[in-house]
Amino acid sequence: MDNRQMRLDGNALGGLLRELFAADVTAARGACAGCGAVGALGAQHLYMHPLAPGAVLRCRGCDSVLMVVVRGEGRIRLAVQGMAWLDIDDRTSGLD
Amino acid sequence: MLTVPGWPGHRAGQHVDVRLTAEDGYQAQRSYSIASAPAASNQLTLTVERLDDGEVSPYLTEELRAGDQLELRGPIGGYFVWDLEMGGPLLLVAGGSGICPLMAMLRRRAGAGGSVLTRLLYSSRSWEDIIYREELAQIGAAGTGLQVIHTLTRAVPPDWRGRAGRIDRKMLADVAWPPTDHPLMYVCGPTPLVESVADALVSLGHDSERVKTERFGPTGG
């Protein structure tokens, strides 16, 4: 099995991110720090397996790592070094 | 069908995470698309395909009984969603149980009288494997601008008048709205199908931003 078959959409990370963010961020747009491409988090490539402790979100344009979420031993670590910014629409975020 | 106390309502295309906890504390979690239309009730429907080597789907399809309790997280997702206000025309492409979130969209559309022009291209292994076969025939025959196009990839009945074979660029060129119609496209199913369909749609001139995908990956069960 190659990486392509393992791939999911960022959308599948929504449940875990919902525990970290007050809003649903799968529709939020972010910029890749690697190539500058801008797109919805839900549209990026996600590598996640039920038995793995974490998930890796990669830019669908250049494959750079955007975000890593690792969970275990009662902690969640979020690394977002690959994202220049994240833009959340507060009309649709449910924050109102 | 699940009754969820305090359910806030959902949008067509959203999913829930279902978590099972064994007596020894071992937990397994999977995501399932919501197949029911958004409604002002606290009930929702999931369609679960049983995978023989799955951890969660055999329990949900065989052991779960009416009245049992489940741990749910959701509704989840603001990306792979369709609301009536987003309009169309719509191209929905599904492989196997990838029909589920698209069914929520079709039910939403039908519930509102169904004026959004919509084409569903649905790939199944055989006639028997078509999920929601009767409901699709019914809403497809309602004359409200919905075309349901089936393709069968393994077993084709002798009198079959639909399409046969995997969805490819040529089939999409025949079925999809032209890019000049600016359709909204939703593709859901196993990862290889979703990737090849999305690539083909972009190669046919569609804007990749309008092609939304939901890949099931190798471990749906």
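**Note on a predicted two-chain model**

1. Strands E4 (residues 45–48) and E5 (residues 54–58) of chain A pair in the antiparallel sense, over four bridges. One of the pairs can be named: His45(A) has Arg58(A) in E5(A) as its bridge partner. The model is predicted, and the points below should be read with that in mind.

2. The pair E4 and E5 belongs to an open sheet of five strands in chain A, in the order E1-E4-E5-E6-E7, with antiparallel pairing. Strand E1 (7–9) and strand E7 (75–79) of chain A are the edge strands, each pairing on one side only. From one strand to the next, the twist averages 25 degrees.

3. On chain A as a whole, the secondary structure amounts to two helices and eight strands. Their sequence order is α-β-α-β-β-β-β-β-β-β. Chain A has 96 residues, and buried residues make up 39% of them. Of the contacts in chain A between residues at least 6 apart in sequence, 51% join residues at least 24 apart.

4. Glu73(A) deserves a look on the backbone: its phi is positive, near 50 degrees, and the residue is not a glycine. Glu73(A) sits in the loop between strand E6 (65–72) and E7 of chain A. It counts as exposed because it has 5 C-beta neighbours inside 10 Å, and the cut-off for exposed is 12 or fewer.

5. Tyr132(B) also has a positive phi, about 60 degrees, without being a glycine. Its place is the loop between strand E7 (118–126) and helix H3 (133–140) of chain B. Tyr132(B) counts as buried, because 20 C-beta neighbours lie inside 10 Å and the cut-off for buried is 20 or more.

6. The bond from Gly74(B) to Pro75(B) is cis, with omega near 0 degrees, and Pro75(B) lies in strand E5 of chain B. The bond between Gly88(B) and Pro89(B) is cis with omega about -5 degrees; Pro89(B) is in the loop between E5 and strand E6 (90–95) of chain B.

7. Chain B is assigned domain 1 (2–76) and domain 2 (84–215). The centres of these domains, taken over C-alpha atoms, are 24 Å apart. Eleven residues from domain 1 and eleven residues from domain 2 of chain B take part in the contact between them. On the domain 1 side, the residues are five nonpolar, five polar and one charged.

8. The largest nonpolar core has 71 residues, and those touching the most other members are Leu13(A), Leu92(B), Leu102(B), Tyr186(B), Val187(B) and Val197(B). Helix H2 (residues 99–111) of chain B gives the most to this core, with seven residues. Both domain 1 (2–76) and domain 2 (84–215) of chain B give residues to the core, so it lies between them. Leaving aside neighbours within four places in sequence, Val197(B) is in contact with Val93(B), Ile167(B), Leu172(B) and Val187(B).

9. Last, the contact between the chains takes 22 residues from chain B and 21 residues from chain A. On chain B, strand E3 (27–33), strand E5 (71–76), helix H5 (191–203) and strand E11 (211–215) each supply at least two residues of the side that touches chain A. That side of chain B has six nonpolar, nine polar and seven charged residues.

Methods: Residues are numbered from 1 along each chain as its sequence is written. Chains are lettered from A and ligands numbered from 1 in the order in which they are written. This is a predicted model: local features need pLDDT of at least 70, side-chain atom pairs count only at pLDDT 80 or more; totals for chains, interfaces and linings use all residues. Two residues are in contact if their C-beta atoms, placed from the backbone, lie within 7 Å. Ala, Val, Leu, Ile, Met, Phe, Trp, Tyr, Cys and Pro count as nonpolar, Asp, Glu, Lys and Arg as charged, and the others, Gly among them, as polar. Domain bounds come from an automatic or database domain assignment. A nonpolar core is a set of buried Ala, Val, Leu, Ile, Met, Phe, Trp, Tyr and Cys residues joined through C-beta atoms within 7 Å. Two strands pair if DSSP finds at least two bridges between them. Axes are lines fitted to C-alpha atoms, for helices over the stretch in contact, and angles run from 0 to 180 degrees between N-to-C directions.
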